[in-house]
Amino acid sequence: MRVAIIGAGLAGLAAARVLREAGLAPVNYDKGRGVGGRLSTRRADGGLQFDHGAQYLPATDAGFAAALREAEDAGAATQWHLPTGAKTVGLPGMSGLAKHFADGADIRQGVEIQSLQQDSAGWTIAGEPYDRVICTVPAPQAARLLGPDHPLTEALLGVVMDPNLTLMLALPASGAAFETHRDAEDDIAWLALDSAKHKRPGPQCWVAQAGLAWSKDNLEHDKPEIANRMLPMVCKRLGADPDDALYVSAHRWRYAQASTPLGEPFLNTDTLYVGGDWALSSRAEGAWLSGTAMAHALLETR
């Protein structure tokens, strides 16, 4: 059975892992240059790095918790000790955890799938034939790939996904007395001293995530303008001078979280499975559970 997986985020990697363990050889297609989706780490000159997507990975599911322990045993993860408890983070950044889960996978990067079309012979993805397809892209993108007349599209359009705008900021120092700060009602909803995760010396590397309303209002600005707007707000909260910034960059997560998730692990027809973090929640654990569930359901059709 030939299986194509659209996406190499955590859902796609989880699905591929289950299928490989069952003896199949799935192929992951991803339009990006890296794996992991929001398990992302931005690196800059001077040894700076920023986990600008997922900050850490909570786990309530036993299977996901076991996978994180396995990653920690392999040196791909560690614990970030915060007042709220220990949090699992990737080593040397969150992308290291994604690379661990991608180990052994056949991943074709830089390939953007424009549509999902089936004929009597099966599916053709990037010019190659497949018997089954697992699609893990955000729900609005999946709906566009399938088209308005597909039987799964209506349910996909019911998923509401919200954006998040993120600032990466390096400072020689700041007046902040915290490593993380959360205020969902603030224009800057989350602040994290990313460089504290592994006690790295040198400049402070901060990740700031804007609140939902601010992200929606500023979503269509280009990234330099987003950075210009977020920088003074973040520095005010950190007790820092914007002129002291050593590095400033913004990132746009257009489909960051599902305010209205699907409510089940995936959707499917006989040979197509569609899911992702948006199916159950916006957490990485939801992506893992959805990808794993799709793979197990696919294996039942052999």
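**Quick briefing**

There are twelve salt bridges in this structure, a salt bridge being a side-chain nitrogen of Lys or Arg within 4 Å of a carboxyl oxygen of Asp or Glu. Keep in mind that this is a predicted model, where local features need pLDDT of at least 70 and side-chain atom pairs count only at pLDDT 80 or more, while totals for chains, interfaces and linings use all residues. Residues are numbered from 1 along each chain as its sequence is written, and side-chain values use heavy atoms, with hydrogens and water left out.

- Within it, Glu128 meets Arg2 at 3.1 Å, N to O. That pair links distant parts of the chain, 126 residues apart: Glu128 sits in strand E10, and Arg2 in the segment before strand E1 (3–6). Helices (H or I, at least four residues) and strands (E, at least two) are DSSP runs, numbered from the N terminus.
- Glu128 also forms a salt bridge with Arg108, with the closest N and O atoms 3.2 Å apart. Arg108 lies in strand E7 (residues 106–109) and Glu128 in E10, so this pair ties together parts 20 residues apart in sequence.
- Arg2 is partly exposed at 36% relative accessible area, Glu128 is partly exposed at 27%, and so is Arg108, at 27%. (Buried means under 20% relative accessible area, exposed over 50%, partly exposed in between, using a 1.4 Å probe and protein chains only.)

**A buried pair**

- Asp51 and Lys197 meet in a salt bridge at 2.9 Å, N to O. Asp51 is in the loop between strand E4 (48–50) and helix H2 (62–73), and Lys197 is in the loop between strands E14 (188–193) and E15 (204–210), 146 residues apart.
- Asp51 is buried at 0% relative accessibility, and Lys197 is buried at 4%.

**A three-stranded sheet**

- Strands E8, E9 and E10 form an open, antiparallel sheet in that order; strands pair if DSSP finds at least two bridges between them.
- E8 (118–119) and E10 (128–130) are the edge strands, each pairing on one side only.
- Two bridges join E8 to E9 (residues 122–125), and Asp119 stands opposite Gly122 in E9.

- Ala126, in the loop between E9 and E10, has a positive phi of about 50 degrees although it is not a glycine. Ala126 is partly exposed, at 44% relative accessibility.
- The Leu91 to Pro92 peptide bond is cis, with omega near -5 degrees. Pro92 is in the loop between strand E6 (85–90) and helix H3 (94–102).
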